[in-house]
Amino acid sequence: AQTGLYERYRVLSSWLSGAGVAGLFASLWAAHHIVPLLGAGTSFVAFVLLAAGCLALASFRDSMPIALLGAAGGFAAPLAIAANHERPLGVLAYVLVLDGALLALALKKRWWVLSALALLASSAYEAVWLSAHASSGIAPLHVAIVIIFAGLFAAVPALSSDVDVEPATSPARLMRLAAMVLPFLFALELV
């Protein structure tokens, strides 16, 4: 229905597409939890494919609402199937790949709000993992993971073509600053 509306009503079309995506995410969750039709692995792959399709649709339609829904669904995938407890390093690797995709889209479209959402969600995953494993003696691994995430978030906005002419309060510059402060905040948690 939204295809015919796209040219005349772009905002309405984006929100209709977003509502469809939200319905698909809810259906996947229900297929895993309420009516156990899908196993954990199949559900996770379905969530990842839906999030990737959502980001591709957002790029094609130039639609920030669809991108935000895709990002939210992508970050919710491990939580929706309770995969965080089984393989935390796998989940963090998945979040790193998701961050890369979101940052590539943010760089292409100049949607720095999307990269800020990715930074906040990644920080939340790392904080939960750090608090759950604080006494296990793997602090160097935590530091390495935080540095990798911070490097990714600091480097991608620097690839922007308008980096030399951006004002001090530009979203890309603020993103780089937040990414550089992040390891220090987690270091305080480790001390």
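1. Surface of the chain. The protein chain exposes about 10,000 Å², and carbon and sulfur atoms supply 73% of that area. The structure is a predicted model, and the values discussed in this note are to be read as computed from it. Of the 191 residues of the protein chain, 41% count as buried.

2. Overall make-up. The protein chain has 8 helices and 0 strands, and along the sequence it therefore reads as the pattern α-α-α-α-α-α-α-α. Among contacts in the protein chain between residues at least 6 apart in sequence, 65% join residues at least 24 apart.

3. The pairing of α2 and α3. Two packed helices are described by the angle between their axes and the distance between the axes. Here the axes of helix α2 (residues 10–33) and helix α3 (residues 40–61) come within 10 Å and cross at roughly 175 degrees. Because angles over 145 degrees count as roughly antiparallel, α2 is roughly antiparallel to α3. On the side of α2 the contact is made by Arg10, Ser13, Ser17, Val21, Leu24, Phe25, Leu28, Trp29 and His32, while α3 contributes Ala40, Ser43, Ala46, Phe47, Leu50, Ala51, Cys54, Leu57 and Arg61. Sorted by class, the contact of α2 with α3 has 12 nonpolar, 4 polar and 2 charged residues.

4. Helix α3 itself. With 22 residues, α3 reaches 31 Å from its first C-alpha to its last, which is close to the 32 Å expected at 1.5 Å a residue. The buried residues of α3 are Ser43, Phe47, Leu50, Ala51, Cys54, Leu55, Ala58, Ser59 and Arg61. Ser43, Phe47, Leu50, Ala51, Cys54 and Arg61 are among the residues that are both buried and part of the contact with α2. After α3 comes Asp62, whose phi is positive, near 55 degrees.

5. Ser59 lies in helix α3, and it counts as buried because its relative accessibility is 13%, where the cut-off for buried is under 20%. Leaving aside residues up to four places away in sequence, Ser59 touches Leu105, Lys108 and Lys109.

6. Helix α6. The 21 residues of helix α6 (residues 112–132) should span 30 Å at 1.5 Å a residue, and the end C-alpha atoms of α6 are 30 Å apart, so the two values agree. The buried residues of α6 are Trp112, Leu114, Ser115, Ala118, Leu119, Ala121, Ser122, Ser123, Tyr125, Glu126, Trp129 and Leu130.

Notes. Residues numbered from 1 in each chain as written. Predicted model: local features only at pLDDT ≥ 70, side-chain atom pairs only at ≥ 80, totals over all residues. Heavy atoms only, no water. Axes fitted to C-alpha atoms, helices over the stretch in contact; angles between N-to-C directions. Helix = DSSP H or I, 4+ residues; strand = E, 2+ residues; numbered from the N terminus. Parallel < 35°, antiparallel > 145°, perpendicular 65-115°, else oblique. Contact = heavy atoms within 4.5 Å. Nonpolar A, V, L, I, M, F, W, Y, C, P; charged D, E, K, R; others polar. Expected span 1.5 Å × (residues − 1). Buried < 20%, exposed > 50% of the residue type's maximum accessible area, 1.4 Å probe, protein only. Areas by Shrake-Rupley, 256 points an atom, 1.4 Å probe, with all protein chains shown as cover.
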